[in-house]
Amino acid sequence: MNVGTGGQIAWCTKNILPTEELEVRPFTDDYFLNVGAGTTGGEAWFWFADCVQQWFQEMGVVLSDSEVLERLNRLSQIPADNNKLEPIIWEPSFQGTRNDTRLRASISNIGRHNFNLSELSRGLLCGIVDSLNQFYENSENPLVDRKRLVISGNFFEHHGWLAQYLAKRYCIDVVTPAFQEQAAVGAAILTGREVFPNDEKWNQFPITYRMLAKSSQH
């Protein structure tokens with residue numbers, strides 16, 4: 001799962017079972033890459049921050065961009081159950097989906113006590129990663145034995161607590177590549193393997209991961 005301005009989730013299989021939501025692309029070693037490409041990601045978070053900043057301005061309170069983001073980032077880290085509140089649920093399809101641009105976002109599970117900036121912030125961030133995972137959950141071609149979820153992108157750098165959220169919600173270990181510029185390094189490794197298939201340094205290139213959160217099943 002990679003989230004930057006936008007977001008994607010991808011996994012490899014030996015067979016092709018595309019759906020309206022998924023793209024299936026050729027991959028290395030006779031595999032196919034299933035790709036669920038969303039229309040939302042970090043861009044939605046910055047849009048929400050802009051909205052909050054505008055609400056404050058309408059009430060006569062001026063906050064800078066950095067102040068708004070810093071406060072929302074801090075508020076989002078507080079789990080709803082810490083305050084004995086039910087979480088707010090976002091479906092963040094602000095610009096529709098790739099298949100239906102007419103769809104719009106929605107918020108649900110609003111009660112008298114949870115409609116606050118903390119729950120709105122956390123709910124949106126959770127909704128972004130949940131919307132990507134739905135590509136996998138709705139797929140007709142899931143993995144036979146899921147061992148871990150690899151996450152990357154600046155979105156997770158700024159919201160590190162989402163690793164624990166994903167591990168708990170989907171009962172899977174969450175890791176991240178143990179190097180910087182993960183997408184660029186991954187592309188270089190795949191290119192090297194294809195262009196120089198007989199060069200052992202590419203076939204044995206060390207790919208290591210850093211554990212971020214353990215599954216609750218452990």
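Modeller: Helices (H or I, at least four residues) and strands (E, at least two) are DSSP runs, numbered from the N terminus. By that rule the chain has seven helices and nine strands. This is a predicted model, in which local features need pLDDT of at least 70 and side-chain atom pairs count only at pLDDT 80 or more, while totals for chains, interfaces and linings use all residues. Residues are numbered from 1 along each chain as its sequence is written, and side-chain values use heavy atoms, with hydrogens and water left out.

Colleague: Why is Cys126 called buried?

Modeller: Buried means under 20% relative accessible area, exposed means over 50%, and partly exposed lies in between (1.4 Å probe, protein chains only). Cys126 has 8% relative accessibility, and therefore it counts as buried. Cys12, by contrast, is at 26% and so counts as partly exposed. Of the 218 residues of the chain, 37% count as buried.

Colleague: How do you know that the length of helix H3 agrees with its number of residues?

Modeller: The expected span of a helix is 1.5 Å times one less than its number of residues. Helix H3 (residues 117-137) has 21 residues and should therefore span 30 Å, and its end C-alpha atoms are 29 Å apart, which agrees.

Colleague: What makes H3 mostly covered?

Modeller: In H3, 17 of the 21 residues are buried. At the start of H3, a side-chain oxygen of Asn116 comes to within 3.1 Å of the backbone nitrogen of Ser118. Ser118 is also 9.4 Å from Arg71, C-alpha to C-alpha, although 47 residues separate them in sequence. Arg71 itself is found in helix H2 (residues 65-76), and with a relative accessible area of 39% it is partly exposed.

Colleague: What makes a space in the model a pocket?

Modeller: On a 1 Å grid over the protein atoms alone, a cavity is a set of points where a 1.4 Å probe fits but cannot get out, whereas a pocket is an open set with protein on both sides within 12 Å along at least five of seven lines; lining residues have an atom within 4 Å of a point. The largest pocket is lined by 38 residues, of which Ala10, Cys12, Leu33, Val150 and Tyr209 lie nearest its centre. Helix H6 (182-195) is among the elements that give two or more residues to this lining, and its seven residues are the largest share.

Colleague: Which residues lie nearest the centre of the second largest pocket?

Modeller: They are Trp90, Cys126, Gly127, Asp130 and Ser131, out of 41 lining residues. The largest share of this lining, nine residues, comes from H3.

Colleague: How do you know that Ser215 is buried?

Modeller: Ser215 has 6% relative accessibility, so it counts as buried. Ser215 lies in the segment after strand E9 (209-213). Asp173 is 42 residues from Ser215 in sequence, yet the two are 4.7 Å apart in space, C-alpha to C-alpha.

Note on methods: Polar contact = N/O pair within 3.5 Å; in protein donor to acceptor, adjacent residues only side chain to side chain.
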